[in-house]
Amino acid sequence: MKFPKDFFFGAASASYQVEGAWNEDGKGVTNWDVFSKIPGKTFEGTNGDVAIDHYHRYKEDIKLMAEMGLDSYRFSISWARIIPDGRGEVNEKGIEFYNNLIDECLKYGIVPFATLYHWDMPQILEEEGGWLNKNTIDAFVKYAKVCFEAFGDRIKHWITFNETIVFCGHGYLEGSHPPGIKNDPKKYFMATHNVVTAHARSVETYKKLRQFGEIGITHVFSPAFPVDNKEENVFAAYHANQYEIAWYYDPVLKGTYPEYVVKQLKEQGIVPDWTDEELAVIKSAAPKNDFIGLNYYQPRRVIKNNDVGESSKQTRDGAPGSASFDGVYRTVTMPDKNYTKWGWEIAPDAFLEGVRLLKSDYGDIKLYVTENGLGDADPIIEGEDVDVARIKFIETHLKAIKKAISEGINLKGYYAWSAIDLLSWLNGYKKQYGFIYVDQKDNLKRKKKLSFYWYKKIIEERGENI
Ligand code: BG6
């Protein structure tokens with residue numbers, strides 16, 4: 001079987017991780033420009049000031065993507081390039097940059113897929129309370145409208161937010177992303193609700209413009225599975241999925257928050273401060289949401305947390321081994337599973353199982369895998385990046401996607417993370433994801449990896465031999 005004709009074989013990136021040019025052409029300072037420079041916050045103090053200089057080298061990068069045969073490129077727009085102070089004047093130079101980037105994609109027939117918010121927020125807004133301040137919702141909707149009006153003639157696929165659970169969880173529970181607040185569930189839930197509201201209002205705004213494209217949101221897709229059939233562990237997995245899947249997917253797809261979570265938040269006095277008007281727009285926008293983007297890296301294997309009193313104990317970034325913020329469950333590693341060098345489980349089968357569950361909970365909603373990939377310190381042999389492990393990783397995940405499609409799951413595209421090696425938020429440049437190698441020691445020179453040639457062939461054959 002070949003993948004369907006309208007299936008996108010793509011690859012992704014995010015503005016802060018690739019662009020650089022942090023203070024050029026009128027761009028405003030972002031929360032990440034500031035946060036990454038606080039000593040100890042990022043691996044070896046890396047920051048996105050230059051990143052991989054995509055801002056100046058986008059033509060070269062897109063040419064390489066075209067040579068690889070990408071159907072589509074998912075990138076994010078930096079809010080502070082478009083509206084430097086978050087809510088005021090539009091920066092024409094910022095509009096010009098993304099116009100050029102989009103036109104360059106279209107020149108090669110690459111479909112641009114844009115994310116409006118991949119975590120870099122104008123610093124002024126962060127200082128005014130960021131996602132805790134309801135004015136940020138208005139500012140975001142204005143920014144979204146500016147983008148729809150400027151680029152909507154050519155961009156027909158929009159993602160509002162990338163991974164709300166990550167930037168809110170790291171921002172208000174773990175303190176490892178801006179604004180760096182630790183263990184504050186009340187703020188965490190408040191921020192997530194404001195983001196959901198901003199998403200809903202942006203969907204409404206987009207649909208009113210009648211641009212006839214599609215709009216959705218990208219969520220982390222990390223379904224929880226119990227390690228065994230013990231009742232307490234089965235319950236732990238249920239609890240995890242309510243808080244980390246349903247809390248995010250329900251308001252977007254069903255228009256309401258999951259009762260199970262709302263009830264518990266009420267009991268703890270940490271229910272977000274929401275208004276009837278906000279709940280109403282979440283409800284009215286849900287049927288207009290066109291798709292969900294899934295960022296799938298790994299599932300979670302969970303058990304009941306027996307370490308009473310311990311919560312939010314973090315292990316290495318993203319690796320299993322920590323207790324949930326409420327101390328109810330913990331994620332664990334299992335001896336019979338495979339893990340990456342950074343301790344993330346490699347489990348294409350869990351993806352398949354997860355999307356089956358998603359279909360049974362949410363019906364036939366259109367899905368894109370908006371991120372999936374292997375973070376590795378690639379082997380370099382005689383100057384060549386021979387990333388065989390990445391090929392294997394992507395191949396097995398594409399196989400799971402093919403199976404899902406054959407079962408009638410509405411999966412319309414796959415965006416490998418990432419198109420090109422880029423800056424990892426907390427892991428610097430040592431953790432690579434791309435098809436294109438960027439030589440940090442030689443003027444950021446681009447070089448094709450083994451996976452580049454492999455993915456090119458997969459796309460040419462429309463995945464027939466997977
Ligand atoms: C996703 C993000 O959570 O994971 C990406 O959307 C990120 O921006 C990717 O780079 C990989 O994370 P890490 O920590 O391995 O760089």
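Colleague: Which residues form one aromatic cluster in this predicted model?

Modeller: One aromatic cluster is formed by Y188, F189, Y238, Y243, W247, Y257, Y260, W274 and F325. Ring centres within 6.5 Å make a pair, and by this rule the count comes to 53 aromatic pairs.

Colleague: What makes Y238 and Y260 an aromatic pair, and why is the pair called edge-to-face?

Modeller: The ring centres of Y238 and Y260 are 5.1 Å apart, which is within the 6.5 Å asked of a pair. Their planes make an angle of 80 degrees, and an angle over 60 counts as edge-to-face, so that is the name the pair receives. Y238 belongs to helix α10 (residues 231-253) and Y260 to helix α11 (residues 259-268), so the pair ties together parts that are 22 residues apart in sequence.

Colleague: Why is Y238 counted as partly exposed?

Modeller: The relative accessibility of Y238 is 40%; buried would need a value under 20% and exposed one over 50%, so a residue in between is called partly exposed.

Colleague: How do you know that the charged end of R81 sits over the ring of F97?

Modeller: The charged end of R81 is 5.8 Å from the centre of the F97 ring, and the distance part of the rule asks for CZ of Arg within 6 Å of the ring centre, with an angle within 35 degrees of the ring normal as the other part. K431 likewise lies over the face of W344, at 4.0 Å from the ring centre, where the rule asks for NZ of Lys within 6 Å.

Colleague: Where does the "active site" annotation fall, and what makes its residues gather at one spot?

Modeller: In the unreviewed UniProt entry, the "active site" annotation covers E163 and E371. They span 209 residues in sequence, yet no two of their C-alpha atoms are more than 10.5 Å apart, so they gather at one spot. E163 has its place in the loop between β4 (157-162) and α8 (164-172), whereas E371 has its place in strand β12 (residues 366-371).

Colleague: Why are E163 and E371 called buried?

Modeller: Buried means under 20% relative accessible area; E163 has 8% and E371 has 4%, so each is called buried.

Colleague: What makes the approach of E371 to R74 a polar contact?

Modeller: A distance of 3.0 Å joins the side chains of E371 and R74, and the distance limit for such a contact is 3.5 Å. The side chains of Y297 and E371 are also joined by a polar contact, of 2.6 Å.

Colleague: Where does the record place its "binding site" feature, and why are Y297 and W417 called buried?

Modeller: The unreviewed UniProt entry places the feature "binding site" at Q17, H118, N162, Y297 and W417. Y297 is found in the loop between β7 (291-295) and β8 (300-304), and W417 is found in strand β15 (residues 411-417). Their relative accessible areas are 11% for Y297 and 4% for W417; buried means under 20%, so the word applies to each of these two residues. Leaving aside neighbours within four places in sequence, the contacts of Y297 include E163, W344, E371 and W417, while those of W417 include Q17, H118, Y297 and E371.

Colleague: How many residues surround the ligand, and which side chains have an N or O atom 2.9 Å, 2.8 Å or 2.5 Å from an oxygen atom of the ligand?

Modeller: The ligand is surrounded by 16 residues, the closest being Q17, E163, S424, K431 and Y433. An oxygen atom of the ligand is 2.9 Å from a side-chain N or O atom of E371, and for W425 the corresponding value is 2.8 Å. For Y433 it is 2.5 Å. A pair of N or O atoms within 3.5 Å is the distance condition for a polar contact.

Colleague: Which peptide bonds are cis, and which residues have a positive phi although not a glycine?

Modeller: Most residues other than glycine have a negative phi, and most peptide bonds are trans. A cis peptide bond joins P178 and P179, with omega about 5 degrees, and another joins W417 and S418, with omega about 10 degrees. R210 has a positive phi of about 50 degrees, and F212 has one of about 55 degrees. R210 is found in the loop between α9 and β5 (214-220), and F212 is found in the loop between α9 and β5.

Colleague: Why do R210 and F212 count as exposed?

Modeller: Exposed means over 50% relative accessible area; R210 has 58% and F212 has 65%, so each is called exposed.

Key:
Residues numbered from 1 in each chain as written. Predicted model: local features only at pLDDT ≥ 70, side-chain atom pairs only at ≥ 80, totals over all residues. Heavy atoms only, no water. Phe/Tyr/Trp six-rings, centres within 6.5 Å; stacked < 30°, edge-to-face > 60°. Helix = DSSP H or I, 4+ residues; strand = E, 2+ residues; numbered from the N terminus. Buried < 20%, exposed > 50% of the residue type's maximum accessible area, 1.4 Å probe, protein only. UniProt positions renumbered as here; feature names shortened; annotations may be inferred. Contact = heavy atoms within 4.5 Å. Polar contact = N/O pair within 3.5 Å; in protein donor to acceptor, adjacent residues only side chain to side chain. Near = heavy atom within 4 Å.
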